[in-house]
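Open the model in your viewer and keep the sequence panel beside it. Each stop below says what to select and what is there.

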Amino acid sequence: MTETKTLIAHHAGMIRIFMTRGTRAAIKGRGKIASLFRSRPLYQELIHAARQAGFKSSNAHFAHYSLGKDQRIETTLGEIPNHLLSVYVDIIGDHDRLRDFCQTHASMLSDASIYYKPLEYWTFSPELHTNSLENVCDP
């Protein structure tokens, strides 16, 4: 017997949005060429949009070596940035909120690949319990 806090499982989800580093978010009311020069990369726009939507976790992950949609293998070119390399953004939250986020930002996400994955996150109860190790996790 040990004194321990009870581990509590909570349900959540994650969307993973794939794009290239050079993908830019379109600016409303401007053409595609103007958007290229006057907007942030899409991965940055998505993280800012996730923050505005109230999500607590959103991260961009960069590839150094990747296989793209056109079946070409891309790699870094030393100090020269390769804007065709893959980047993905993870956003973690409730399934329905993630779905609403994608619907709200459909214009930004139309060319991206989006994957959803159910997750479980764990917290500890605030009070201590005397349990055997088998009963520590309550689903």
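Which residue in β5 stands opposite S58? Select S58 and look across: I91 is there.

Before moving on, some ground rules. This is a predicted model, in which local features need pLDDT of at least 70, side-chain atom pairs count only at pLDDT 80 or more, and totals for chains, interfaces and linings use all residues. Residues are numbered from 1 along each chain as its sequence is written, and side-chain values use heavy atoms, with hydrogens and water left out.

**Stop 1: β2 and β5.** Select residues 57–62, strand β2, together with β5. The two run antiparallel and are joined by six bridges. Strands pair when DSSP finds at least two bridges between them. Strands are DSSP runs of E with at least two residues, helices are runs of H or I with at least four, and both are numbered from the N terminus. Now colour residues 86–93, strand β5, by accessibility. Six of its eight residues are buried, so the strand is largely enclosed by the rest of the structure. Buried means under 20% relative accessible area, exposed means over 50%, and partly exposed lies in between (1.4 Å probe, protein chains only).

**Stop 2: the aromatic pairs.** The whole structure holds four aromatic pairs. Rings of Phe, Tyr and Trp (its six-membered ring) pair if their centres lie within 6.5 Å; planes under 30 degrees apart are stacked, over 60 edge-to-face, and the rest tilted. Select F18 and Y115. Their ring centres are 5.8 Å apart and their planes stand at 85 degrees, so this pair is edge-to-face. F18 is in strand β1 and Y115 in strand β6 (residues 113–131), so the pair ties together parts 97 residues apart in sequence. F18 is partly exposed, at 30% relative accessible area.

Next, select Y43 and F62. They too form an edge-to-face pair, 5.1 Å centre to centre with 90 degrees between the planes. Y43 sits in helix α2 (residues 42–52) and F62 in strand β2, so parts 19 residues apart in sequence are tied together. Y43 is buried at 12%, while F62 is partly exposed at 37%.

**Stop 3: a charge over a ring.** Select R97 and F55. R97 lies over the face of F55, 4.4 Å from the ring centre. The criterion is NZ of Lys or CZ of Arg within 6 Å of the ring centre and within 35 degrees of the ring normal.

**Stop 4: strand β1.** Select I8, in strand β1 (residues 2–20). I8 is partly exposed, at 30% relative accessibility. Then pick T123: its C-alpha atom is 5.3 Å from that of I8, although 115 residues separate them along the chain.
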